[in-house]
Amino acid sequence: MTIAAPPSLKVREDLVVAGLRAAVADDHTKRYLVLALPGRTGPCWVCAPATDTALAAVRDGRTSPWAVVHHSATGTVDIYRTMLDGSLRESVVLCANLPLGDTLLSAA
């Protein structure tokens with residue numbers, strides 16, 4: 001089953017790694033590792049720009065998806081949060097400012 005992703009991204013591949021639902025997705029300029037996380041008011045997504053090498057390392061189990069999120073190809077991640085009214089709020093956060101693990105939604 002394909003995970004949902006923010007409307008601006010097209011999911012190309014589903015991944016289930018380390019108990020996380022993830023996907024490889026892209027827009028017209030970049031490829032992303034997308035982690036789907038539950039939020040208080042609906043689904044949230046952490047989208048880390050990723051190189052083919054980083055994505056291969058996640059697929060092969062040589063690195064965790066969180067390592068890619070904390071060391072993205074651009075030094076930033078896009079975080080999408082579903083709001084109470086169903087709209088999405090997007091935040092761009094520096095990887096250096098992200099807390100560890102799934103508490104990173106608090107950085108957005």
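D26 counts as buried, at 12% relative accessibility. The model in which this residue sits is a predicted one. The side chain of D26 meets that of R12 in a salt bridge, with 3.1 Å from N to O. Because D26 lies in strand β2 and R12 in strand β1, the pair ties together parts that are 14 residues apart in sequence.

**Overall layout**

The protein chain has 108 residues, of which 44% count as buried. It contains two helices and six strands. Along the sequence these elements follow the pattern β-β-β-β-α-α-β-β. Of the contacts in the protein chain between residues at least 6 apart in sequence, 38% join residues at least 24 apart.

Strand β1 covers residues 10-17 and is joined to β2 by seven bridges, the two strands running antiparallel. V17 has L20 in β2 as its bridge partner. Two residues lie between β1 and β2 in the hairpin that these strands form. In that turn, A18 has a positive phi of about 50°.

On to the next pairing. Strand β3, residues 31-38, pairs with β2 in the antiparallel sense over five bridges. Here V24 stands opposite L33 of β3.

How many of the seven residues of strand β2 are buried? Six are, so β2 (residues 20-26) is largely enclosed by the rest of the structure. D26, with its 12% relative accessibility, counts among the buried residues of the model. In a regular strand, side chains alternate between the two faces of the sheet.

**Helix α1**

Helix α1 spans residues 52-59, and its buried residues are L55, A57 and V58. Viewed down the axis of α1, these buried residues fall within an arc of 155°, so they line one face of the helix. An α-helix has 3.6 residues a turn, so residues three or four places apart point the same way.

Which elements cover the buried residues of α1? The cover includes β1, β2, β3 and α2 (65-70). On the face of α1 turned away from its buried side are the exposed residues D52 and T53. Just after the helix, G61 takes a positive phi of about 75°.

**Salt bridges**

A search of the whole structure finds four salt bridges.

| D26 | R12 | 3.1 Å |

E13 is partly exposed at 27% relative accessibility, and R59 is partly exposed at 38%.

Is D52 buried or exposed? With 54% relative accessibility, D52 counts as exposed. R31, at 36%, counts as partly exposed.

**Nonpolar cores**

The largest nonpolar core has 21 residues. Those with the most contacts inside this core are L33, L35, V46, V69 and V77. Two or more residues come from each of β1, β2, β3, β4 (43-49), α1, α2 and β5 (76-82). Apart from this core lies another, of nine residues, among them I3, V34, W45 and Y80.

Leaving aside neighbours within four places in sequence, V77 is in contact with residues including V46, C47, A48, P49 and V69. Its contacts also include S72, S91, V92, V93, C95 and L98.

**Cysteines**

How many disulfides does the structure hold? The structure holds zero. C44 is buried, with a relative accessible area of 2%. C95, one of the contacts of V77, is buried as well, with a relative accessible area of 8%.

Conventions
Residues numbered from 1 in each chain as written. Predicted model: local features only at pLDDT ≥ 70, side-chain atom pairs only at ≥ 80, totals over all residues. Heavy atoms only, no water. Buried < 20%, exposed > 50% of the residue type's maximum accessible area, 1.4 Å probe, protein only. Helix = DSSP H or I, 4+ residues; strand = E, 2+ residues; numbered from the N terminus. Pairing = 2+ DSSP bridges. Disulfide = S-S within 2.5 Å. Arc of directions from axis to C-beta. Contact = heavy atoms within 4.5 Å. Core = buried A, V, L, I, M, F, W, Y, C linked by side-chain atoms within 4.5 Å.
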